[in-house]
Amino acid sequence: MSYKICTLPGDGIGPEIMDEAKHLLAAIGEAYDVNFNCDDQLIGGCAIDATSAAGAKVSALPPETLEAAREADAVLLAAVGGPRWDDPTPGAVRPEQGLLAIRKNLGLYLNLRPVRVFEALRDASPLRPERLDDVDLLIVRELTGGLYFGTHERRQGVEGAGVGGSVGDVAIDTMEYREYEVERVLRWAYEAAGRRNGVVTSVDKANVLETSRLWREVNHRMNAKFEGVEGEDMLVDNCAMQLVVNPAQFDVLVTENTFGDILSDEASMLTGSLGMLASASLGDGTALYEPSHGSAPDIAGKGIANPIAQILSVELMLRYSFQMDAAADAVAAAVEDVLAAGWRTHDLADEATDAAHRLGTAAMGDKIIEAFRLHAG
Ligand code: IPM
Ligand code: MG
């Protein structure tokens, strides 16, 4: 068996954590007799730099990258962005545009972010440990619609828009959803809940937004179709509160793009660090896997980034793209073991972690591979 993976290390800590994912992929290949061919391509800030240096059209997603992604069996992305590319000039190309463009172009309308608590990290969570009992939720985020892909406009010099009635700017972002966009995401959420604990919480702001009222209607329709799955609606502000008060109540939490972005960062902290949350973006073609965290430019190049979300993204890739569940289980078990043995990256360490147990990126990657080999097989 041979698979082609389009690897997109991107910016900041991206290349460092991607290296660990590649080492792990080599170990998985060895253990399960599979050949993973990684093909590095540019996305984000590094793509902006490369295209402008080459005198080509400046782009955060060069055509070759998109082409390679389309042809691959799966795409593995690390992170994009950094202050170097935070150009305030209107119309300037931003690294994040590469991410949004690849999601849109590959038709990745569904983003899964499983939130699980690692026993060994209970103390790293800002919540009291007993609140984490039975926490196991799957966030299903719509990924190619809503505010992110509506029109964005800046009108300059508008009469009365300034302070005190003077001339000023008006900024406009529109939020749009088509019924089919809502339907396909909710359907996936209900199907997933049927295989899990049978509860779908659909999150909206139906007391204010028309898009949410459409979302809620579709949710009720879907709920009626899926016997045996319990469906509920929850307002997004209440959901933000419930996630810290009683996170164990959730099974599948499904929501639109912007709400999902915000709630998934919040939910990731239940696990103690944003560095633990992986994601899978699925659609009709090639799927993409990436950590939910960003490029952490402040610690880039220092060799201290936590590679676990990247490694757990490999786990999701094994499950969803390659149907290699046994290998995926072995990766998950390896991460569990390494944490249980007390090994910590800087973001996970606390006063109880002695210096000998604090690991850099590469050392954590090695530990996980070592543990993986014991489970693989
Ligand atoms: C995420 C990120 C991205 C998003 C940014 C980098 C554009 O925050 O994947 O959650 O908002 O979708
Ligand atoms: Mg985000």
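I started with strand β3 (residues 74-79): 2 bridges join it to strand β12 (residues 288-291), and the two run parallel. This is a predicted model, and I read it as such. I then looked up Val75 and found that its bridge partner in β12 is Leu288.

Next I traced the sheet. It is open and holds 10 strands, in the order β2-β1-β3-β12-β11-β4-β5-β10-β8-β9. The pairing is mixed. I checked the edges: β2 (35-40) and β9 (230-235) each have a single partner strand, so each has one side without a neighbour in the sheet. From one strand to the next, I note an average twist of 25°.

Then I turned to ligand 1. Which residues surround ligand 1? I list Glu96, Leu99, Arg103, Arg113, Arg141, Tyr148 and Asp261. By class, I log 5 charged and 2 nonpolar residues in this shell, and no polar ones. Helix α4 (residues 95-105) gives the largest share of the shell, 3 residues. I also checked the domains: domain 1 (1-109 + 276-377) and domain 2 (126-271) each supply at least three residues of the shell.

I went through the contacts to ligand oxygen atoms. Tyr148 has a polar side-chain atom 2.5 Å from an oxygen atom of ligand 1. For Arg113, I find a polar side-chain atom 2.9 Å from an oxygen atom of the ligand. For Arg141, a side-chain N or O atom is 2.9 Å from a ligand 1 oxygen atom.

Last, I looked up burial. Ligand 1 taken alone exposes 320 Å², and the protein buries 77% of that.

Definitions and conventions:
Residues numbered from 1 in each chain as written. Chains lettered and ligands numbered in written order. Predicted model: local features only at pLDDT ≥ 70, side-chain atom pairs only at ≥ 80, totals over all residues. Heavy atoms only, no water. Near = heavy atom within 4 Å. Polar contact = N/O pair within 3.5 Å; in protein donor to acceptor, adjacent residues only side chain to side chain. Areas by Shrake-Rupley, 256 points an atom, 1.4 Å probe, with all protein chains shown as cover. Helix = DSSP H or I, 4+ residues; strand = E, 2+ residues; numbered from the N terminus. Nonpolar A, V, L, I, M, F, W, Y, C, P; charged D, E, K, R; others polar. Domains from an automatic or database assignment. Pairing = 2+ DSSP bridges. Axes fitted to C-alpha atoms, helices over the stretch in contact; angles between N-to-C directions.
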